[in-house]
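Please read them with the model open.

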Amino acid sequence: MTSSHLTAETFDRNARAALQDTQLRGALRNATTLFGERRRAAIGTVADWEGLRDQARAIKDDVLLHLDRYLEEFTANAEGAGATVHWARDAAEACDVIARIAAERGARSVVKSKSMATEEVHLNAALARLGIEPVETDLGEYIIQLAGETPSHIVVPAIHKTKAQIAALFAEKLGTAASDDVATLTAAARQALRQRFAEADLGISGVNFAVAETGTILILENEGNARLTTTLPRTHVALMGIEKVIPRFEDLAVFLELLPRSGTGQRLTTYQSLLTGTKRRPDGEGPEELHLVLLDNGRSRMLARPVTRQSLACIRCGACLNACPVYQQIGGHAYGSVYPGPIGAVITPQLFGIEHSAQLPYASSLCGACREVCPVKIDIPALLLHLRSEVIESGAGGGHRLEALAFRAYGLMMRHPRLFAWATRLARRVQRLARVGDRIGKANPLAARLVPPLGAWTAWRDLRPLAPRSFREQWRDRR
Amino acid sequence: MSGPGDARSAILDAIRQRLAESAAHEGAHGAPHDPPPPAARPISGNGKVLPVLGDVKFPVGGALDAQPAAMGTPLERFREQASAVGAACEVVRNEAAARETIARILAAAGARKVACSDAPLARSLTRGAGAGGGLGVRDVAGLTREQLFVCDAGVTTAQWGIAETGTLVLESARERHRLLSLVPPVHIALLSTSRICATLGDVLARVHPAGAGRDVESHAITFITGPSRTSDIELTLAIGVHGPQALHIVLVDAEV
């Protein structure tokens with residue numbers, strides 16, 4: 001699901017449009033700068049941050065290498081504690097399972113807490129076809145649901161909206177007075193959603209971590225909406241990617257130390273709910289039923305190579321988005337995917353097909369900022385390079401024929417020294433047309449408007465001209 | 001139409017197949033983008049081993065904000081961290097003092113409809129002389145959902161505290177009314193100071209569902225760090241979104 005018409009296929013165009021949006025760029029600059037500062041301060045409170053990252057990555061590597069075993073262990077323990085575990089090979093199957101659960105129970109009022117997996121499978125659309133409209137209860141998700149948009153950031157989905165825009169939205173959809181005071185807006189949302197919580201008969205959530213040893217799922221949040229969603233209704237459905245499982249209960253400490261600090265600079269988010277099956281007494285608080293839906297949807301395919309397998313280590317903290325110089329300028333919608341930013345650029349092609357997102361692996365200068373901040377040390381630049389080679393090999397990029405030809409010519413030239421020398425002498429003559437002083441580029445109208453792909457370089461940068469005598473010529477003369 | 005077991009076997013088979021593929025591929029030759037083997041150390045002209053970039057440890061965060069070594073007692077650290085996240089803390093000596101403190105908090109908050117958990121540490125507030133009617137606090141027994149949603153304040157216990165983050169931990173087997181810590185706009189939590197652990201890891205060891213299946217006592221363990229909050233609107237902090245707007249922690253300094 002994408003914001004209006006934006007898809008990953010038109011990433012280049014989306015990015016250019018986003019760059020024109022000065023309000024968006026300002027909002028992104030504020031958000032990513034603030035998150036970056038807070039993250040730096042927060043990781044300073046940990047004695048051995050690097051050691052913690054290594055530990056987390058080692059745990060994830062172990063899980064992924066034995067994923068089948070850990071999933072079986074998790075399922076057995078969760079079922080033993082009273083949960084019902086369902087398996088979904090793809091998005092359609094996940095939606096079918098959840099829709100069936102809702103329909104069988106005659107669910108009329110459904111509340112949802114934040115779950116990227118449910119957006120990945122387009123769950124809301126599937127339920128809407130049954131006449132069920134789940135209300136998003138995370139404030140950011142609620143805002144974009146009212147606006148009919150998609151999230152633009154993993155952690156703060158409505159970061160692209162100003163207070164004024166939100167005030168106008170609430171005035172229109174909720175009939176509230178158009179005040180852009182944040183406390184007032186928040187109170188309006190709280191008020192509107194409280195009734196929905198009170199009468200909800202089905203709650204749908206995501207899962208941050210699933211513990212194989214005990215069958216426990218962990219959900220973290222700041223607002224309290226996930227606690228309400230998973231405690232008040234009589235049925236709770238939790239959708240999780242199969243990569244969310246971790247081996248032992250004690251491993252939670254490692255990830256809880258890493259995730260909040262990396263994502264928002266908090267030591268801990270306000271609430272963590274650790275749920276192991278259903279309530280033990282019928283008169284206790286909590287749902288009667290817990291349904292866990294384990295989602296593959298392309299994840300198992302990523303296990304086939306170490307370089308792609310590490311994609312599954314992601315804990316969805318959002319740190320890479322905040323650090324990425326590309327994301328910082330264009331925001332999430334330009335990626336045309338529910339998963340934006342650096343991690344989105346690598347998992348979107350793998351989950352949804354490289355043929356639909358061939359431009360995304362190129363949305364990077366390979367600066368490595370993402371790899372630096374990733375709490376589980378995912379080597380995103382290596383993944384981007386791997387995906388670029390897949391784009392070329394599969395022809396998914398639509399074939400840069402001119403580029404392929406240029407590289408073949410280059411290869412030919414490099415293998416034949418006399419050809420290389422001749423080409424250099426020719427280039428030295430031709431460049432006189434384009435050079436201005438000691439530069440070739442913007443100063444000369446001819447050079448600046450060169451045919452792409454060369455024009456893409458000279459439109460923004462200068463080239464140094466070739467020297468009057470090459471090194472080889474000088475060397476030969478000295479002998 | 002395929003049965004539910006089909007998806008399970010299909011997914012597990014796919015996983016095993018891909019992992020086998022990966023093992024075979026790695027056995028045959030190293031993958032192109034796998035991390036390279038550690039490079040030999042460069043040696044200068046006079047035979048000295050030169051330092052490489054990885055040897056230099058850049059300080060993380062400023063010197064001022066790095067506080068890895070814990071200072072003070074667990075109680076002191078707990079209070080410091082809890083205040084940092086916006087929770088109000090008070091230490092009291094006994095039940096009577098707890099009751100007085102809670103009465104003061106409720107009066108200051110203008111809370112008229114207050115419900116209280118029946119967990120041991122909180123029970124005295126609704127039972128015995130001077131309790132219940134005196135405080136205007138009712139027992140949670142028989143509280144309907146409608147009544148819960150119009151409560152001004154909820155009083156619960158907490159089973160553990162985490163000093164390094166100022167966090168309260170509630171176990172559903174022992175604190176059976178955690179909705180009182182979530183629905184009303186004011187939450188008052190009673191915690192014994194003897195239950196404050198140093199770190200998150202310590203608490204996890206104590207709440208570990210040691211049994212299996214239905215033997216696990218507490219199906220829900222809840223960690224609470226400060227009042228409810230969000231920064232979803234222009235990254236501006238707003239307190240009290242869906243959960244409580246105010247969190248008061250009454251630390252009882254007695255063996256319970």
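1. Buried area is the accessible area, taken with a 1.4 Å probe, that two parts lose on being put together, summed over both. The size of an interface is often given as this lost accessible area. Between chain B and chain A the buried area is about 7400 Å², and carbon and sulfur atoms give 60% of that.

2. On conventions: this is a predicted model, in which local features need pLDDT of at least 70 and side-chain atom pairs count only at pLDDT 80 or more, while totals for chains, interfaces and linings use all residues. Residues are numbered from 1 along each chain as its sequence is written, chains are lettered from A and ligands numbered from 1 in the order in which they are written, and side-chain values use heavy atoms, with hydrogens and water left out.

3. Chain A has 23 helices and twelve strands; helices (H or I, at least four residues) and strands (E, at least two) are DSSP runs, numbered from the N terminus. Its C-alpha atoms fill a box of roughly 95 × 55 × 45 Å along the principal axes. Of the 479 residues of chain A, 57% count as buried, where buried means under 20% relative accessible area, exposed over 50%, and partly exposed in between (1.4 Å probe, protein chains only). Contact means heavy atoms within 4.5 Å. Among contacts in chain A between residues at least 6 apart in sequence, 73% join residues at least 24 apart.

4. Four salt bridges are found across the interface of chain B and chain A, a salt bridge being a side-chain nitrogen of Lys or Arg within 4 Å of a carboxyl oxygen of Asp or Glu. A:Arg305 forms a salt bridge with B:Glu21, and their closest N and O atoms are 3.9 Å apart.

5. Strand S9 (residues 271-275) of chain A deserves a look. Which strands pair with S9(A)? Within chain A, strand S6 (residues 216-221) runs antiparallel to S9(A) and is joined to it by five bridges; two strands pair if DSSP finds at least two bridges between them. Strand S9 (residues 220-224) of chain B also pairs with S9(A) in the antiparallel sense, over five bridges. A:Tyr271 is the bridge partner of A:Glu221, while A:Leu274 stands opposite B:Ile221 and A:Leu275 opposite B:Ala220.

6. Five of the five residues of S9(A) are buried. A:Tyr271, A:Ser273 and A:Leu275 point one way from the strand, and A:Gln272 and A:Leu274 point the other way.

7. A:Thr214 lies in the loop between strand S5 (209-211) and S6 of chain A. A:Thr214 counts as buried because its relative accessibility is 5%. Its side chain makes a polar contact with the side chain of A:Thr216 (2.6 Å). Leaving out residues up to four places away in sequence, A:Thr214 touches A:Asn77, A:Phe249 and A:Thr276, and from chain B also B:His208 and B:Pro209.

8. Most residues other than glycine have a negative phi. A:His122 has a positive phi of about 55° and lies in the loop between helix H6 (116-120) and helix H7 (123-128) of chain A. With a relative accessible area of 33%, A:His122 is partly exposed.

Notes
A polar contact is a pair of N or O atoms within 3.5 Å; within protein, one must be able to donate a hydrogen and the other to accept it, and residues adjacent in sequence count only if both atoms are side-chain atoms.
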